[in-house]
Amino acid sequence: MSWFSNLIGGGKKDDTAAQTAALIKEMRDREDTRIAKVREGQAGIDTAFAQFDQPYFDKFKQTYTDYYNPQIADQYARAKDKMVATLAGRGTLESTVGAGKISDLAKTRAESETQVANQGVDAASQMRKQIDDTKGNLYTLNSSAADPAAVSARAVGAASAVTGPSLSPLQNVFASALNTFNSFNKADSMSMSPKMPWNTMGGTSSAPLSGRGSASYGR
Amino acid sequence: MLPIAAAITGGLASGLGGLISQREAEEDARRRTEARMASLRRSLARQDAFAGEARGHFDTRMGDYAPGVQDTRLADAQGARTEAITSNITVPTADDVPYSRSAPAVVRGTLAKRMLGVFNDATERAKTAGALGGYGDTWQGNALGVADTGRRIATVNDFSRQEAAMLPMEQDLAEAGAAKKPSLWGPILSAGGNLAASFAGRGGF
């Protein structure tokens, strides 16, 4: 009947119409599938990174301060013992001058604790940014790959590989507070008429550098 | 009379054939154009959906900058940082110093007063540091929010770009599918009419 169709016209050119409709449908289906996969992968990334919430960063911040606070406490205790021993040796411990020196140490401790807490918040913010960058990279990969299973696996891997900033030991924050006493002690030990007891006993002596205010004499 | 009638009939047939061919060509062109336009309309509808989705992400983020929102966030950030700092400050006590029992009360009082002063000063400094750091925290939060919205819009834009890239191909395919062969009536009538007119012009068949 094709001759008739040709004669009266209106017949479609071969089965082009069906073929093109099928091609368009396939093209659409593929794109819809890709979009669905990208959205699925994106949801997987969001789920994997949901663990990095405010409590997580609060915990990190606490870990940061927990690392430095004992060091401050230890240095404060050592510096205070040394100062108490020095002040006691000079007979000025129970004086307003001595009280002033002790409170200066406490001030230095408070400043150090303030600084550590501030840095802890900054470190948590830095980590938040780092985690967000990683998430952004995964979003880009997800759009390129459109393979939700692979992207989710990579997201979980990346989420578990997030590392915090490196922590370094605290410097001696009370060194400057004790400088005056160290200088005095050194000068006193070299003096012809030393004032400090551990400098008057003869032989090698040392001011108490640590511990609870004890000093060693004549070693 | 016969040649004249044949010439007139041939001319009419030729004209009718041309008319049919022209109408069929016009109909074919119309169908092709309509197919391309239908593809374009479908694509525009999808693009509208993408644009709406992207606009939704954008509007949500812009909500962060509505009147009062930033003030609230700044106050929250400043409060959080201040709390983080103040809670880390050890309260100094005069008991830390091993005074003898005979230590003058004025010295004990001076130390207690100075220790309290140290704590109060540190707390005030913490508030100042918290107020200052709160600005940075707020704007980092804003930046992260904008980055998140940017990623989500970028994803939608990727869909949109792909849609735009597919459109010409889809239009070409739709046009090809809408095309129909012209009938032979037009050419047959035109040819027959021309033939009849030609014979008539020669004086008969």
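The side chain of Ser183(B) reaches the backbone nitrogen of Trp185(B) at 3.5 Å. This is a predicted model, in which local features need pLDDT of at least 70 and side-chain atom pairs count only at pLDDT 80 or more, while totals for chains, interfaces and linings use all residues. Residues are numbered from 1 along each chain as its sequence is written, chains are lettered from A and ligands numbered from 1 in the order in which they are written, and side-chain values use heavy atoms, with hydrogens and water left out.

Ser183(B) sits in the loop between H3 and H4 of chain B, where helices are DSSP runs of H or I with at least four residues, strands are runs of E with at least two, and both are numbered from the N terminus. Ser183(B) counts as buried because its relative accessibility is 4%, buried meaning under 20% relative accessible area with a 1.4 Å probe and protein chains only. The two contacts of its side chain are set out below.

| Atoms of Ser183(B) | Partner | Distance |
|---|---|---|
| side chain | side chain of Glu24(B) | 2.4 Å |

Turning to the interface, 55 residues of chain B are in contact with 58 residues of chain A, contact meaning heavy atoms within 4.5 Å. Chain B and chain A bury about 4900 Å² between them, with 57% of it on carbon and sulfur atoms; buried area is the accessible area (1.4 Å probe) that two parts lose on being put together, summed over both. In chain B, Asn88(B), Arg151(B) and Lys181(B) lose the most area to chain A, together 13% of what that side buries.

Between the two chains there are nine salt bridges, each a side-chain nitrogen of Lys or Arg within 4 Å of a carboxyl oxygen of Asp or Glu. One salt bridge joins the side chains of Glu111(A) and Arg125(B), at 4.0 Å from N to O. On the side of chain B that touches chain A, H3(B) gives the most, with 28 residues.

Methods:
Buried < 20%, exposed > 50% of the residue type's maximum accessible area, 1.4 Å probe, protein only. Polar contact = N/O pair within 3.5 Å; in protein donor to acceptor, adjacent residues only side chain to side chain.
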